[in-house]
Amino acid sequence: MGSNETEPSITADAADLLQRKGTIEILAEIGSEGPQRHTDLREELLLSSSTIQQRLKNGKECGLWEQQLEDRSGVAAKVYALTDLGKEVYEHAETEGLDTMYRIRRGLIRELENAERRVIIDSSPSEADWLHDIE
């Protein structure tokens, strides 16, 4: 590194958290889309609500993001925004193309799930009373 550049200053706890399922994906989503509510993340990411909630809590504790209030259509919404440390990590994730890869992966998984549902529906008798249970 050059003399004006500094090493990333993540802690061992932050490094451990970044290795957990969904953490870098959450960071990439906030980094690319701006501050996000828990509900925004739940709608976009293919992670459980409890996983998102736990990662948001832990990421806040590790200094990757902070909670803020943001005016959304006249209503104060609790959002998560990247801290300087989070922005630094996001820059590395963006350099690796992770934000784009996560979006592609989510799109492929949703396509796959829709195709699986169509196979089940198309292979089922039209009078089956359980067809309405297929999501």
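## Arg103 and its partner

Arg103 is partly exposed, with a relative accessibility of 30%. In this predicted model, the side chain of Arg103 forms a salt bridge with that of Glu29, at an N to O distance of 3.5 Å. Glu29 belongs to helix H2 and Arg103 to helix H6, so the contact ties together parts that are 74 residues apart in sequence. Glu29 has a relative accessible area of 5% and therefore counts as buried.

## Arg105 and Glu25

A salt bridge also joins Arg105 to Glu25, with 3.0 Å between the closest N and O atoms. This pair links distant parts of the chain, 80 residues apart: Arg105 lies in helix H6 (residues 98-123) and Glu25 in helix H2 (residues 23-33). Arg105 is partly exposed at 40% relative accessibility, whereas Glu25 is buried at a relative accessible area of 4%.

## Arg106 and Glu44

The side chains of Arg106 and Glu44 meet in a salt bridge with an N to O distance of 3.4 Å. Here helix H6, which holds Arg106, is linked to helix H3 (residues 38-44), which holds Glu44; the two residues are 62 apart in the chain. In this pair the arginine, Arg106, is buried, with a relative accessible area of 2%, while Glu44 is partly exposed at 28%.

Through salt bridges that share partners, Arg103, Arg105 and Arg106 are joined with Glu25, Glu29, Glu33 and Glu44 into one network. Across the whole structure, the search finds 11 salt bridges.

Methods
Residues are numbered from 1 along each chain as its sequence is written. This is a predicted model: local features need pLDDT of at least 70, side-chain atom pairs count only at pLDDT 80 or more; totals for chains, interfaces and linings use all residues. Side-chain values use heavy atoms; hydrogens and water are left out. A salt bridge is a side-chain nitrogen of Lys or Arg within 4 Å of a carboxyl oxygen of Asp or Glu. Helices (H or I, at least four residues) and strands (E, at least two) are DSSP runs, numbered from the N terminus. Buried means under 20% relative accessible area, exposed over 50%, partly exposed in between (1.4 Å probe, protein chains only).
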